[in-house]
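Please keep the structure in view while reading.

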Amino acid sequence: MAPKFLLLLLALSFELHLSFSGETSMMESVPDLQSSMYMMLDGYPCVRLLNLSGEIGCSNPGREKVVAPIIRLNKSNELSQLSAVLVAVDEIESFFARILNDTTFASNIAGVLVESGPDIQNKLKGFSPALKFPQSNFAPYRSINYEWNPIGTGIMWNTYNFPVFLLSKNSTLTLQQAALNNEKSKKSYTADVAEFDLVMQTTKAGTHDSESCLEENTCLPLGGYSVWSSLPPINISSAEQSKPIVLAAASMDSASFFRDKNLGADSPISGLISLLAAVDALSKGDIVDDLNKQLVFIVFTGEAWGYLGSRRFLLELDLQSDAVSGLNYSLIETVVEIGSIGKVLNQEAKNFFVHTAGTSSATNETLDALRTAQDSVKSDHIVVLSANASNPGIPPSSLMAFLRKDSLTSGVVLEDFDTVFTNKFYHSHLDDLSNINSSAIVAAASLVARTLYILSSGDKNTSSSALTSINVNVSLVEELMGCLLGCEPGLSCELVKNYITPATTCPSNYVGVILDEPSSTPYIGYVSDISRFVWNFLAEKTSISKENATSVCYKDCNNDGKVCIGAETDGKGVCVVSTTRYVPAYSTRLKFESGSWTVLPPNNSDPMGLLDAVWTESNWNTIGLRVYTAQNSSFDNIVLLGSIAITVLAYLAIVITKAFLTKALKRD
């Protein structure tokens, strides 16, 4: 009996699971062994963000990786041990609500794995982890309890001391199988486990707010580069710039619970694409050569995090920095912002809603221009409606920053909604290409292009040849949607590659972080793919006729008023006459000095600065997620006891054998 027991213990001791799938293969190196034992998973993490008062987002609770068995949680389940919980998208809201309300349940959460699936939007009534009134503290009115986003849960604004990953579709299938394996083999000595590597530097260093983490260099400020351009180009060398400015604005950044799964198709990229298509339409021919007013286009970034782009732009105007050379704030007559316009349905009439700031003569002129533009494109069945008078004011938008600076600012925001968001996936990873339609963007672009022409030229004749010649390129809109809102072709599309060499194929419209000293002529490697594309696109479309685009450039152009476009693609760009600039977008409460960031004290003369949260993102070394089969502690204890038993029995066997041999030798 004893020999059989020893053999069983030895077999258990040396049992080795060489692969998660159960398959075996020839291994010739340590990496082969590792790849056989561990399966790396594709996922999108929720990361740690900080502000002056604390932190939000996700992180491992300490300095080490987190390992836990994978389970698929049912509504009736209670957790008896630390677990990596697999959650369906339609369960996220109730799951995180339970975490906040049930401390015992929360204490057994080692990590969260959110599933992906095909056509998930069609199965949901909506999912928005944002607040019901996003960034209400910047509203230029007092009704901050109004719910523009009634389905908003606000879960992305909480702090979670455990890792959370959104899984790719393939990784979802892998972990669903792992959870099923664990369910079937509850009494087994092994379990399929997830290993989370989401260790944040701010957690390791104990710096839990923006000021302390910037001092210790464990975080970086959120920010990037906005882009502005004028049509036609502004003569910077001229002593005076006296033309009133019509400013057309859109945003290029969104937010999401998951850092790198962040498209914002309807909010705000549909507005960005509409503006780019409008610029393209206006650039055709010579209709803008003799305008009465100066057209200026600006695409902000950082708007999802305290309107970083628009507030910094306004500050740069006050400082008259190089980034805004040629612009004068006092000349801005009206602001036309293109917001979320991608949800207008393919129906008999395409209804757009105009949200206005005040009732000034300039605002009324803009409304008249919109209606004239509407009448000029009757074949597209576009209808412009004024937003409901019961609304507290304009919805969350960059125009809020302008109004907080000057309450008399004239401006409008064009949206696809009236009283509440029509986007049911606002600031969610599900706000993707399937959430918008191209016909809505084309219609908005047509409306915007003709409105801007009417405002800047004064031509209100709906039948004029100049106005009717402004037509949007439908193919360009569809191409921009494919480039900016998906991975196929994504940023590898020909349109983007004509201008830049993208760092990635799949776009992400998260603002990112400022990596070095902000500048109006930044190192291109520190500027996001989207910002660089927008800069090159606008620079070409707003440039003076092609005969001026003759000199080859590698980086910069020597002549004043010229910029180098397409320099990234083959190292040889083209110099064109264009007023197109980068504007740094980061907190107005931050200063970069001697290679580090410092937080400036609040300034009572800057009411928006007093509200500035100063958002930062924690540094990290690596982020990863993998799955493998591990022995549980009970099995390890059995092996330990077995090993001790083997040692004791071996010792006894040696003693007995020695005694037996000694006795036998004495007999001889």
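The points below treat the cavities, a pocket and a surface patch in turn.

The model is predicted. It holds 3 cavities of 30 Å³ or more. The second largest pocket has a volume of about 990 Å³, and a nonpolar patch lies on the surface. Rolling a probe the size of a water molecule over the atoms shows where empty space is left.

**The largest cavity**

- The volume of the largest cavity is about 330 Å³.
- Its lining is made of 26 residues, and those that lie nearest the centre of the cavity are Ser267, Pro268, Pro396, Ser397 and Tyr426.
- At least two residues of this lining come from each of β13 (245–251), α8 (265–282) and β15 (332–338).
- Helix α8 gives the most to the lining of the largest cavity, namely 3 residues.
- By residue class, the lining of the largest cavity divides into 9 nonpolar, 11 polar and 6 charged residues.

**The second largest cavity**

- The second largest cavity has a volume of about 130 Å³.
- Its lining has 16 residues, with Val47, Leu49, Ser256, Phe257 and Trp305 the closest to its centre.
- The lining of the second largest cavity contains 11 nonpolar, 3 polar and 2 charged residues.

**The second largest pocket**

- In the second largest pocket, with its volume of about 990 Å³, the lining consists of 37 residues.
- Thr521, Trp535, Asp556, Lys562 and Val563 are the lining residues that lie nearest the centre of this pocket.
- The elements α16 (529–541), β20 (562–565), α17 (567–570) and β22 (580–585) each supply at least two residues of the lining of the second largest pocket.
- This lining divides into 16 nonpolar, 13 polar and 8 charged residues.

**The nonpolar surface patch**

- Leu640, Leu641, Ile644, Val648, Leu649, Tyr651, Leu652, Val655 and Ile656 form a nonpolar patch on the surface.
- Together, the residues of the patch have about 860 Å² of accessible area.
- One of these residues, Tyr651, is found in helix α19, which covers residues 633–667.
- Is Tyr651 buried or exposed? Tyr651 counts as exposed because its relative accessibility is 56%, and exposed means over 50%.

Definitions and conventions:
Residues numbered from 1 in each chain as written. Predicted model: local features only at pLDDT ≥ 70, side-chain atom pairs only at ≥ 80, totals over all residues. Heavy atoms only, no water. 1 Å grid on protein atoms, 1.4 Å probe; cavity = no way out; pocket = protein on both sides within 12 Å on 5 of 7 lines; lining within 4 Å. Points joined across faces, edges and corners; volume = space filled by probe spheres on them. Helix = DSSP H or I, 4+ residues; strand = E, 2+ residues; numbered from the N terminus. Nonpolar A, V, L, I, M, F, W, Y, C, P; charged D, E, K, R; others polar. Patch = residues over 30% accessible without salt bridge, like charges linked within 9 Å, V, L, I, M, F, W, Y side chains within 5 Å. Areas by Shrake-Rupley, 256 points an atom, 1.4 Å probe, with all protein chains shown as cover. Salt bridge = Lys/Arg side-chain N within 4 Å of Asp/Glu carboxyl O. Buried < 20%, exposed > 50% of the residue type's maximum accessible area, 1.4 Å probe, protein only.
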